[in-house]
Each structure stands twice: as C-alpha cells, then as structure tokens.
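Please look over the notes on this chain before we discuss it. They are arranged by topic and can be checked against the structure.

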Amino acid sequence: MAEPLIRIEGVSKRFGDFAAVDDVSLDIVEGEFFALLGPSGCGKTTLLRMLAGLEVPTEGRILIDGQDMAGVGPNKRPVNMVFQSYAVFPHMTVEQNVGYGLRIDGVPEKERRTRVHDALALVKLDGFETRKPDQLSGGQRQRVALARALVKRPRVLLLDEPLSALDAKLREAMRSELAIIQDKVGVTFVMVTHDQDEALAMACRCGVMNKGVLQQVANPSDLYEYPANRFVADFIGSVNLFEGRLVQDLAAQALIEADGARVWVDHGVTGAEGGTVWAALRPEKIELAHREPDAPPPALAPGTPEGANLLAGTVRHFSYLGSETVYEIEVAGGRMVKVLRSNVRRYEDRGFDTDQPVWLSWSPQSPAVLLS
Ligand code: ATP
C-alpha cells in the first residue's frame, strides 16, 4: 500500500470513564474514499472530529501527511469538513457561499471567480450562481456545501453523514454523484455513516466500528464475503448464523456441527481450538428446491459429507420485492432461515408458496466461518 496520507495510531477518546473511541489504529491513503461505518453511538463521529481537530485524543496520535496533528488547530489542518446539516449562509448567494472561504483567505478576485466557477461546475450547479439557499432544493444546498468545501482544495474532506438530511430517492441519486465527484477531484474523502448500503455503494474501503472499537477494515465486497466476526456479518447485509463446534478440520475442508445443521466448508478453520464457531450463510447463497415425497434431494458438491449442507424446511412466509423474493423458512427445531431468491428467471419456475415443503442447500464455498 502507498504511504498513508492519514495515520491513526492507537487513538482513544474517553469522556469521563466512557471510551467513545477505543484504541483505533488505521491508515488511509491519498485519493481514497474511506467510510467509517457503524451503529449510532459507536464512536465514528468522535473519530472524525478528532481528525478535524474538533476533539483531542485522550491517547494515541494522528498524523496527516507525516505531520503529527497534536496541538494543530482545526483551521491549520489540511482538512475541510462537510456537516450533516450542511450549513450554508442563508443571506448569501450560491456564488458568495462557495467563495466565502477564499475571500477570507485573501485569494485575489480573478482566481476566486475561476475557482468558484470550477467548483460549481463540478457539483453541476453552474447557472445557479445568483440564487439564495432558500431558492434551492435540499440536494442542491448539499452540493453548495460540498462545493464550498472543495473550492479550498483540502487534502482531506471529512463528511459527517452527508446525505442524511435528504429524502430517500435523492439520497440514492447523490450516492453515485458524490462518488463520481470524489473520483474526479481525487481528494481523500473520509465519510461517517450508519447506513451500510451508503458506505458499500460509495467507499473504496470501509472501517466498521462497534462500541468504540474498530472491528474490520476492508473493501466493500470483502466485508460482505469475509466478515471478521458476527457483528460485521450481521451489520453488513443480512445473514443466517449457525452456532456450533468444529468436528473436523483439515487444511482444505472443515465440518461444523451446528444447531440442527451440518455445515461443510471448502477451507480449513484456524484458531478454533475446540471452541464455539459460527457458520455465516448469506440468504442469497442458499438454493431452494421443491421437496416432494418420492423425489430425491438436490445433488450436492462431490465429497459432501452425509447430511451436510442440506436442510429440510417449510416456507412460512415470503415477501415479494420485485427484483427478488425473500423467504422465511422453518427448519428442524423451529429455527427460521432466510433465503433470498432473484426473480430474474421467475417466469420459468413456479416459485414457492407458504406451507410448501422445500430443500435448502448450499455450496461448500458459501459459508464464512467466524470465531467470535
Ligand atoms: P451517531 O451516528 O448517533 O452520531 P456515532 O457513532 O457518531 O453516533 P459518537 O457521536 O462518536 O457516535 O458518540 C460515541 C459515544 O460517545 C456516544 O455514546 C456519545 O454519547 C458519547 N459522546 C460523544 N461526545 C460526547 C461528549 N462530548 N461528552 C460525553 N459523551 C460523548
């Protein structure tokens, strides 16, 4: 990995006895779009505020571009922040709002005009120069705030839940817009969000936090496919967790006996040492088949041990969501398993109705095995 632009080294922040951020170490490279993701109260905003210089770490250090930020005030750091409420000055026009910081910095008028013009073009607000904020939509006001932050050409832009004040439809449209803008300007973005879809859709890498502790740092698909623990597996998307123990562990295969299921995986499990493990199975990785009295169960991967990766169940509920259908299936012991089925080829099959007997099966590649 390239030399990090931001280095967070063993940073903690305590408010009294309470650790809002607990021993976080993290590198962010130049040009990355990094998302800090986690549930409300996990400490992500506090970490962002420490990067901005609005909070002082209780322990650890923060380096930006190799320089220790201890004692460096917010306006002396090569960072700029866009807040949740995207505060823009109501009495100023769009152009005055965006140019405000440059004027304070004494940037000559000619250069200021060019930079403001470029920043407005970047966020697709050219033509809106003379409007006041109350003549703009929420999404346009958010873009003014973004242009105002970017016009100062910070090395790092910190974004605190930048899309949360927008309605659902606009938020989705702004996701790709913001990612495209970041890609164009190449400024390092660090965004805080509690919305996992937002983080996965926009960021190059995400850091997942819970209770002040950084749980995992990875790119979106690795977070989803290889979650480090149950918290991440559950927080990122939807998951079926089977708690059990390892009964066979070879270098390239392992068998887990879980509550009512035998799970065979095509990789060894290191570090389990007789303790509890969890097999995490994403709903879309489970195959559904009709279960009829005289018909054999579906064929499984060659070498699958007896009774593994196969469950008999009964459909209890299904939700048709257009592009996909989510099934709630009851298996032995009254346990409910969630299965997601794409409707791409729906016209070719008859689907599955409530109370219908079904087989659930999965490939040995599908489950992730978690140790905590
Ligand atoms: P949200 O998404 O709800 O903003 P968050 O993950 O960003 O949550 P933080 O705002 O970082 O969480 O807060 C983390 C914890 O630290 C919370 O329990 C919060 O109450 C606490 N906290 C934050 N600031 C202070 C403060 N100044 N004094 C005391 N406790 C604080």
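This is a predicted model: local features need pLDDT of at least 70, side-chain atom pairs count only at pLDDT 80 or more; totals for chains, interfaces and linings use all residues.

1. The domain assignment divides the chain into domain 1, covering 4–231, and domain 2, covering 240–370. Between the C-alpha centres of domain 1 and domain 2 the distance is 40 Å. Four residues from domain 1 and five residues from domain 2 make up the contact. On the domain 1 side that touches domain 2, the classes are two nonpolar, one polar and one charged.

2. Which residues surround the ligand? Phe15 and Ala20 do, together with Gly38, the run Ser40, Gly41, Cys42, Gly43, Lys44, Thr45 and Thr46, and finally His194. Helix 1, residues 44–52, gives the most to this shell, namely three residues. By class the shell around the ligand has seven polar, three nonpolar and one charged residues.

3. Helix 2 (residues 94–104) comes with its axis within 7 Å of the axis of helix 4, and the two cross at roughly 30°. Angles under 35 degrees count as roughly parallel, and helix 2 and helix 4 are therefore roughly parallel to each other. Their crossing is right-handed. From helix 2, the residues that meet helix 4 are Val94, Asn97, Val98, Tyr100 and Gly101. Their partners in helix 4 are Val144, Ala147 and Arg148. The contact of helix 2 with helix 4 divides into five nonpolar, two polar and one charged residues.

4. Helix 4 (residues 138–150) also pairs with helix 5 (residues 168–185): their axes come within 11 Å and cross at roughly 20°. How do helix 4 and helix 5 run, roughly parallel or roughly antiparallel to each other? The crossing angle given above makes them roughly parallel. Helix 4 passes helix 5 in a right-handed crossing. On the helix 4 side the contact is made by Gly138, Gly139, Gln142 and Leu150. Helix 5 supplies Leu170, Met174 and Val185. In this contact of helix 4 with helix 5, four residues are nonpolar, three are polar and none is charged.

5. With helix 2 it uses Val144, Ala147 and Arg148, and with helix 5 it uses Gly138, Gly139, Gln142 and Leu150. The contact with helix 2 includes one charged residue, whereas the contact with helix 5 has no charged residue.

How values were computed
Residues are numbered from 1 along each chain as its sequence is written. Domain bounds come from an automatic or database domain assignment. Two residues are in contact if their C-beta atoms, placed from the backbone, lie within 7 Å. Ala, Val, Leu, Ile, Met, Phe, Trp, Tyr, Cys and Pro count as nonpolar, Asp, Glu, Lys and Arg as charged, and the others, Gly among them, as polar. A residue is near a molecule or strand if its C-beta atom, placed from the backbone, lies within 6 Å of it. Helices (H or I, at least four residues) and strands (E, at least two) are DSSP runs, numbered from the N terminus. Axes are lines fitted to C-alpha atoms, for helices over the stretch in contact, and angles run from 0 to 180 degrees between N-to-C directions. Angles under 35 degrees count as roughly parallel, over 145 as roughly antiparallel, 65 to 115 as roughly perpendicular and the rest as oblique. A crossing is left-handed if the near helix is turned anticlockwise from the far one by less than a right angle, and right-handed if clockwise.
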